[in-house]
Amino acid sequence: MALKKRFIAILAIALLAGGVYAAGKAGMAIYRTEETEGEDDSLFGHRETLYLWYTDEALTDYLNSVAVSYSEYQDEVRVVPVYTSGLEYLETINQASLHSDETPDLYIVSNDSLEKAYLAGLASEVQIPEDETPMQDIFPEAAIHAVTYQGKQIAYPFYFETSCFLYNRTYLEDWARAQLEAEADLAMGEEAQALADSGETELETADADESEQISGDANESSEAALETDDTQSAVTEEAIVAKAEEALPSTIDDILSFADGYDAPEQVEAVFKWDVSDIFYNYFFVGDHIDVGGVDGDQSDSIHIYNEDAIRCMQVYQDLNQFFSIDTKEISYDSVLQDFMDGKIVYTVATSDALTKIEEAKAEGSFDYEYGISRLPDVSETLSSASLSVTQCVVVNGYSVQKETANAFARYLTEYDTDSLLGRTGKLPVYAGGTTYEEPNAAAYMEEYKNSVPMPKMIETSNFWVELEIAFAKIWDGDDANEDLKALSEKIMSQVVGEAYTEEYIDLPAETEEEEAGTEEAYTEEESTEEESTEAETE
């Protein structure tokens with residue numbers, strides 16, 4: 001199997017080798033940064049030069065500053081960040097490694113590309129000096145799994161992306177205030193009724209008519225004062241915040257319950273809305289019940305897509321279409337986030353870019369609310385959730401002749417002074433040793449990341465995400481979740497084993513279906529009872 005994988009990886013790169021190299025160095029979309037373009041290389045003849053490749057232009061200023069900082073820290077080393085196109089990125093690195101005088105010593109790449117890079121010789125095992133702290137003592141477990149291949153750590157985790165639960169805090173606090181005021185009014189009403197039922201009066205010796213009038217005035221005055229004092233004491237800011245926190249859902253059912261009783265402001269169009277067309281925002285529904293490659297995402301004999309819990313999760317997902325009708329062909333993440341910032345949505349699922357975009361909107365005055373980030377809710381009381389994560393890594397090129405120096409810089413880049421990464425690039429650092437995660441909303445993303453499922457590395461399952469996204473869309477629109485998951489598993493397994501694969505059909509236990517039917521019946525009866533009660537009160 002290892003030879004087969006290596007052949008696949010080398011073949012994938014070799015197929016493009018001729019075209020890329022024939023284009024010549026001038027044809028490669030590679031750009032040295034402004035800080036290094038005009039330098040006379042002869043001035044640095046006594047220094048080791050490391051070339052660091054990357055594809056995200058948002059990193060340019062940050063990487064330049066880190067390069068300067070490192071040169072001051074290690075004056076024998078010069079680091080040159082090189083921005084290049086992400087198109088056929090590994091293939092371009094391969095050609096530069098074989099045919100260029102400026103071989104990329106390090107490069108930044110997502111963890112799902114690590115198997116391909118390693119098998120092609122473009123990634124080497126990390127080198128941590130014995131007197132330094134091991135990587136697993138510094139980074140979250142999810143990050144270690146993300147950079148581990150066949151038991152070896154072959155990259156340094158740098159920054160990550162995952163999805164979290166984004167909510168309008170202003171709406172929740174307004175709801176909490178109304179709930180607390182209603183509870184206080186109810187309590188005072190019950191107290192007043194209890195006092196009246198006891199027959200007590202403050203004016204027992206007065207004339208009956210006069211007593212009644214005086215008592216009525218006194219009661220009215222005391223009740224008004226009591227209502228004001230008690231309401232003020234009950235509805236404190238601390239109580240409002242605590243009540244709003246209670247409204248944060250721990251399960252999907254909690255979202256439905258809140259939506260059912262929420263008296264939404266006029267501008268609110270949906271309590272819960274998210275991009276149901278993108279697997280990155282949907283994956284948490286099945287993330288804790290589907291296994292693709294084991295904990296490190298590299299084991300082809302550890303693939304479990306079709307199972308009872310995954311089917312149940314997808315059935316819950318499908319049922320949400322009844323409550324939150326969302327067109328998979330019309331929805332997009334950008335439109336959902338904009339609707340949230342316009343105050344049209346209470347809850348949504350968002351990636352970390354929301355932090356930067358919302359703060360920018362607040363600074364511009366176009367976002368007039370408070371907001372919060374929390375962990376994604378579980379699917380149900382018995383079905384947990386887990387989001388998908390992608391870790392951007394710093395890889396030491398297997399073709400570099402300066403591996404020791406490159407390893408030292410990779411560690412510096414990913415561990416030291418990463419607190420400015422979020423503010424300067426909008427990226428969340430994997431290293432959590434600074435002050436970045438003292439901010440609650442950023443901390444929520446880190447907590448979600450710690451419990452996330454890293455993107456698998458296996459070449460054989462590289463199309464899994466596209467196929468799963470298609471399955472989600474079909475199930476959302478009414479397809480049978482059982483049949484679609486079965487078909488998906490058979491397709492992926494056939495690719496892995498190299499021949500037709502058939503899953504044994506899973507019959508969900510009959511009692512589960514009866515329980516679900518009973519729940520629906522109970523819900524219908526409850527609605528019917530409420531309607532009858534309302535009609536009776538009206539009559």
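Q: Buried means under 20% relative accessible area, exposed over 50% and partly exposed in between (1.4 Å probe, protein chains only). How many of the 13 residues of helix H16 are buried?
A: This is a predicted model: local features need pLDDT of at least 70, side-chain atom pairs count only at pLDDT 80 or more, and totals for chains, interfaces and linings use all residues. Residues are numbered from 1 along each chain as its sequence is written, and side-chain values use heavy atoms, with hydrogens and water left out. H16 spans residues 403-415. The helix is mostly covered, and its buried residues number 10.

Q: Helices (H or I, at least four residues) and strands (E, at least two) are DSSP runs, numbered from the N terminus. Which elements cover the buried residues of H16?
A: The buried set includes Asn407, Phe409, Arg411 and Glu415. Contact means heavy atoms within 4.5 Å. The cover includes S2, H4, S3, S4, S7 and S13.

Q: Which residues does phenylalanine 409 contact, leaving aside its neighbours within four places in sequence?
A: Phe409 is one of the buried residues of H16. Beyond those neighbours, Phe409 is in contact with Leu50, Leu52, Val66, Tyr70, Val79 and Leu106.

Q: Which residues touch the most other members of the largest nonpolar core?
A: A nonpolar core is a set of buried Ala, Val, Leu, Ile, Met, Phe, Trp, Tyr and Cys residues joined through side-chain atoms within 4.5 Å. The largest core has 149 residues, and those touching the most other members are Tyr107, Trp274, Tyr347 and Phe409.

Q: Why is strand S2 largely enclosed by the rest of the structure?
A: S2 runs over residues 48-54. The strand is largely enclosed because its buried residues number 6 of the 7.

Q: Over how many bridges do S2 and strand S3 pair?
A: Two strands pair if DSSP finds at least two bridges between them. In S3, arginine 78 is the bridge partner of threonine 49. S2 and S3 (residues 77-84) pair in the parallel sense, and their bridges number 7.

Q: Which residue of S4 stands opposite leucine 52?
A: S2 also pairs with S4 (residues 106-110), in the parallel sense over 2 bridges. Opposite leucine 52 stands leucine 106.

Q: Which hand does the β-α-β unit of S2, H4 and S3 have?
A: A crossover is right-handed if, with the strands pointing away from the viewer, the path from the first strand over the helix to the second runs clockwise. H4 covers residues 60-73, and the unit of S2, H4 and S3 is right-handed.

Q: What span does helix H19 reach from its first C-alpha to its last?
A: The expected span of a helix is 1.5 Å times one less than its number of residues. For H19 (residues 464-476), with 13 residues, that gives 18 Å. The model comes close to this, at 18 Å.

Q: Which residue just after H19 takes a positive phi?
A: H19 holds buried residues including Phe464, Trp465 and Trp476. Just after H19, phi reaches about 120° at glycine 478.

Q: How many disulfides does a search of the whole structure find?
A: A disulfide is a pair of cysteine sulfur atoms within 2.5 Å. Cysteine 313 is buried at 0% relative accessibility, and cysteine 393 is buried with a relative accessible area of 0%. The number of disulfides found is 0.

Q: Is glutamine 338 buried, partly exposed or exposed?
A: Glutamine 338 sits in helix H14 (residues 333-341). Its relative accessibility is 39%, so it counts as partly exposed.
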